[in-house]
Amino acid sequence: VSFERIEPRALAERIGRGDALVLLDVREPDEVALCSIRGSLTIPMGSVPARRGELDPQAEIVCICHHGVRSARVAGWLASQGFGRVLNLVGGIDRWAEDVDPAMTRY
């Protein structure tokens, strides 16, 4: 099951345009406490299956983690569950900090 990938700058442009996106941060709470993209919904990766009902299968969902590995797994899982518009943030929030928001805390 496939999903799309989105580069940090492209995501920033889409957020800036006001596109209807669900930013799904799948990192753990201690990671999210360090830094996050404003407006993100936080559901740790291990909780996504139990909490999938909180997500709209018709929504465009961008999965986010630290470097893009966990979020890719979640994106693939969501796509396999019938979520039709799933993207993975390439390089995760670390790359977002590098490319879009240099003032963001990195870890």
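Is Glu31 buried or exposed, and at what relative accessibility? Glu31 counts as buried, because its relative accessibility is 11%. Buried means under 20% relative accessible area, exposed means over 50%, and partly exposed lies in between (1.4 Å probe, protein chains only).

This is a predicted model: local features need pLDDT of at least 70, side-chain atom pairs count only at pLDDT 80 or more, and totals for chains, interfaces and linings use all residues. Residues are numbered from 1 along each chain as its sequence is written, and side-chain values use heavy atoms, with hydrogens and water left out.

View 1. Helices (H or I, at least four residues) and strands (E, at least two) are DSSP runs, numbered from the N terminus. Leaving aside residues up to four places away in sequence, Glu31 touches His66, Arg70 and Tyr107. Contact here means heavy atoms within 4.5 Å. A salt bridge is a side-chain nitrogen of Lys or Arg within 4 Å of a carboxyl oxygen of Asp or Glu. Arg70 belongs to helix α4 (residues 69-80), so the pair ties together parts that are 39 residues apart in sequence. Arg70 is partly exposed, with a relative accessible area of 23%.

**View 2. Helix α1 has buried residues on one face**. In α1 (residues 8-17), the buried residues are Pro8, Leu11 and Arg14. They line one face of the helix, because seen down the axis they fall within an arc of 120°. The arc is that of the directions from the helix axis to the C-beta atoms. Arg9, Glu13, Gly16 and Arg17 are exposed on the other side of α1. Cover for the buried residues includes β1 (4-6), β2 (22-25), β4 (60-64), β5 (85-89) and α5 (92-99). Just after α1, Gly18 takes a positive phi of about 85°.

**View 3. Five strands make an open sheet**. The order is β1-β5-β4-β2-β3, with parallel pairing. Edge strands β1 and β3 (41-42) each pair on one side only. Two strands pair if DSSP finds at least two bridges between them. Strands β2 and β4 run parallel and are joined by four bridges. Asp25 has Ile64 in β4 as its bridge partner. Helix α1 packs on the sheet and touches β1, β2, β4 and β5; its direction makes about 85° with that of β1. Axes are lines fitted to C-alpha atoms, for helices over the stretch in contact, and angles run from 0 to 180 degrees between N-to-C directions.

**View 4. Asp19 forms salt bridges with Arg14 and Arg17**. The Asp19 and Arg14 side chains meet at 2.6 Å, N to O. For Asp19 and Arg17, the closest N and O atoms are 2.9 Å apart. Arg14 is buried, at 18% relative accessible area. Asp19 is partly exposed, at 25%. Arg17 is exposed, at 57%. A network of salt bridges links Arg14, Arg17, Asp19, Glu60 and Arg85. The structure's count comes to 11 salt bridges.

**View 5. Cysteines without disulfides**. The structure holds zero disulfides. A disulfide is a pair of cysteine sulfur atoms within 2.5 Å. The sulfur of Cys35 is 11 Å from the closest cysteine sulfur, in Cys65, too far for a bond. Cys63 is in no disulfide; its nearest cysteine sulfur, that of Cys65, is 9.0 Å away. Cys35 is buried at 6% relative accessibility. Cys63 is buried too, with a relative accessible area of 0%.
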